[in-house]
Amino acid sequence: MPKLTDAEIDALKARLDPETYAIAFEEGTERAFTHPLNAEKRGGAYHCKVCGEALFSAAHKYESGSGWPSFYDVMASDAVETKTDFRLRLPRTEIHCANCGAHLGHVFSDGPRPTGQRYCTNGTVLDFRPEETGGA
């Protein structure tokens with residue numbers, strides 16, 4: 001699924017902190033309830049920390065109780081790609097950034113309306129960009 005060359009991935013390994021690299025390119029998972037973005041409530045957008053691609057809108061974020069930032073929809077239908085993950089024996093649907101291939105987390109069919117989806121993401125691979133507040 002990675003869309004980057006080995007040389008590009010090596011360069012990212014030098015730029016990214018070890019946890020971000022492990023999650024993005026070794027399909028790791030951060031511990032539940034540990035990332036500050038799980039509690040983020042401001043408006044804005046969540047981008048891929050690796051390549052900057054816009055992935056999720058804060059308007060689609062909700063408290064799932066899972067311990068990871070969760071969204072019921074993606075920013076654009078082509079923002080993420082999926083593949084089946086059998087690491088826990090039962091199949092799960094893994095999500096990756098469609099632009100660079102970074103592992104984001106998983107999507108489940110137990111989310112709220114209107115989509116019924118729960119995009120359960122690792123906050124470590126997300127870059128939150130709050131809305132501009134304007135002002136004078």
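Mentor: The sulfur of Cys100 has its closest cysteine sulfur in Cys48, at 3.7 Å, which is too far for a bond; a disulfide requires a pair of cysteine sulfur atoms within 2.5 Å. This is a predicted model, in which local features need pLDDT of at least 70, side-chain atom pairs count only at pLDDT 80 or more, and totals for chains, interfaces and linings use all residues. Residues are numbered from 1 along each chain as its sequence is written, and side-chain values use heavy atoms, with hydrogens and water left out.

For Cys97, the closest cysteine sulfur is that of Cys51, 3.6 Å away, again too far for a bond. The structure holds zero disulfides. Cys100 is buried at 2% relative accessible area, and Cys97 is buried at 0%. Here buried means under 20% relative accessible area, exposed over 50%, and partly exposed in between (1.4 Å probe, protein chains only).

Next, the strands. Strands (E, at least two residues) and helices (H or I, at least four) are DSSP runs numbered from the N terminus, and two strands pair if DSSP finds at least two bridges between them. β1 (44–48) runs antiparallel to β2 (residues 54–57), with three bridges joining them. Tyr46 stands opposite Phe56 of β2. Five residues lie between the strands of this hairpin, and Gly52 takes a positive phi near 90° there.

β6 (residues 92–97) is joined by six bridges to β5, and the two run antiparallel. Thr82 has Ile95 of β6 as its bridge partner. Both strands belong to an open sheet of six strands with antiparallel pairing, in the order β3-β4-β8-β7-β6-β5. β3 (61–62) and β5 (80–85) are the edges; each has a single partner strand, so one side of each has no neighbour in the sheet.

A salt bridge (a side-chain nitrogen of Lys or Arg within 4 Å of a carboxyl oxygen of Asp or Glu) occurs five times in the whole structure. Lys83 and Glu27 form one of them, at 3.0 Å from N to O. This pair spans 56 residues, from the loop between α2 and β1, where Glu27 sits, to Lys83 in β5. Glu94 also forms a salt bridge with Lys83, with 3.8 Å between the closest N and O atoms. That pair connects β6, which holds Glu94, to β5, which holds Lys83, across eleven residues of sequence.

Leaving aside neighbours within four places in sequence, Thr29 is in contact (heavy atoms within 4.5 Å) with Ile23, Trp68 and Asn122. Thr29 and Thr124 are 95 residues apart in sequence, yet their C-alpha atoms are 8.9 Å apart.
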